[in-house]
Amino acid sequence: MFHKPIPQEGLEELARYKYKSAQYTHLDCVMNTFWEKIVNFLPLWLAPNLVTLIGFLFLLAGIVVILFYDLTLSKTLPGWVYIYSGIALFIYQTLDAIDGKQARRTKSSSPLGQLFDHGCDALTYSFFVLLFCQCFRLGNGFLTMEILYFLLTTFFLASWEEYWVHAFRSGMVWFGPTEGQMVLIFLIEVTGIFGPDVWNFYSKAGFICFFVGGQALFAVTNIVNGLIKASSALQALLTLIPTCTIIGLSVMWEHTAFYEKYPVVVLLTVSLQFFLTTVKIIIASVTKIEYAWFQPETLVLVLPILNRFLDFPDWILIYFTIFMTFTLAFTYVARAIYQITTFLGICCFSITPKAVSYTHLRAHETREDLVCRLLLEKK
């Protein structure tokens, strides 16, 4: 469980990796003009991964404010909380879209950038669920958990498809993450201006069916494409076992006292499990190493279910579970980042100066440089 995440052959493959993205959506093409202008305001010393991190922290701040006011996802919040969260989501979306442009602009593109970007995305998808459910005051019941499963599973399947197809596809031509985030921003801002009562039963049902139906359709295309490209359909299906395990154990949690007493803690624990599983298959895809069908970290979710035999206090076990999940997830990520940065000779949050050869300097020297060089050589 605590071995090196990436073997030596995976690191060597990482150096040869070239990112292949699928076709952009129509809104991506429209927004690209805005993103191209915004990226020019960033200083050239600002590392692309730092751009991603800043966007993530903006979104995290919006979620923290919401949870400060309401841990049940069922209360009416002050209007400014919704408006601030919508603005934070827009900032996150913008910075997430321009981090790759900043990498090309500063000539600091690396496989670590994709891993860091998609890893943050895997974590923020659970935040989108919290924002969506808070707008509609869905509470922390069965429906909220099912929406969480759908969205996180869909992002995992996009990475799972890349593992077999070797091209990342985050959406369909007519609808992708940009469209989904824009719809969510619209919902949040409308809720902030008019209040959550503006949404009646039919509007809530319409948006829920739209999101869940779209995610289900995309998930089906992920699975079909992955099975077609995989060398063995059975082997491809086996790699879905960890995700099915997380969902199965999480569903069992819904019928325990833990979910009734600590719903947000359960949501965050499940989200972290999905995050870790998704990061592992992203790394496996980039380094072309095998993604194991058995992931021991998922067994942490068994602890609360076994409590009927252990009889520990609920609060001890639930917080121990999320602590273990958090520790396993972020120690894995930290070790993977350390391996990659050490092997590639780069830094995660700063741009590493590249050595410039003497021949390169001679080829680009000005007349003044030539005079200075000749005078120095004469001495």
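Start by selecting Asp 117: leaving aside neighbours within four places in sequence, it is in contact (heavy atoms within 4.5 Å) with Thr 52, Asp 96 and Asp 99. You're looking at a predicted model, where local features need pLDDT of at least 70, side-chain atom pairs count only at pLDDT 80 or more, and totals for chains, interfaces and linings use all residues. Residues are numbered from 1 along each chain as its sequence is written, and side-chain values use heavy atoms, with hydrogens and water left out.

Stay on Asp 117 for a moment. This residue sits in helix α5; helices here are DSSP runs of H or I with at least four residues, numbered from the N terminus.

Next, select residues 48–69 (helix α3) and 111–135 (helix α5), which pack at an angle of about 15° with their axes 10 Å apart. Axes are lines fitted to C-alpha atoms, for helices over the stretch in contact, and angles run from 0 to 180 degrees between N-to-C directions. So α3 and α5 are roughly parallel, a label for angles under 35 degrees. Zoom in on the contact: α3 brings residues including Phe 56 and Ile 63, and α5 brings Phe 116, Asp 117 and Phe 127, among others. What kinds of residues make up the contact of α3 with α5? They divide into 14 nonpolar, five polar and one charged (Ala, Val, Leu, Ile, Met, Phe, Trp, Tyr, Cys and Pro are nonpolar; Asp, Glu, Lys and Arg are charged; the others, Gly among them, are polar).

Hop over to Thr 106, in the loop between α4 (79–105) and α5. Is Thr 106 buried or exposed? Its relative accessibility is 14%, so it counts as buried. Not counting residues up to four places away in sequence, Thr 106 touches Leu 44, Pro 48 and Ile 351.

Click His 166, between α6 (142–165) and α7 (177–194): its phi is near 70°, a positive value in a residue other than glycine. At 44% relative accessibility, His 166 is partly exposed. Finish at Lys 288, in the loop between α12 (263–287) and α13 (302–310). Lys 288 isn't a glycine, yet its phi is positive, about 60°, and with a relative accessible area of 54% Lys 288 is exposed.

Note on methods:
Helices (H or I, at least four residues) and strands (E, at least two) are DSSP runs, numbered from the N terminus. Angles under 35 degrees count as roughly parallel, over 145 as roughly antiparallel, 65 to 115 as roughly perpendicular and the rest as oblique. Buried means under 20% relative accessible area, exposed over 50%, partly exposed in between (1.4 Å probe, protein chains only).
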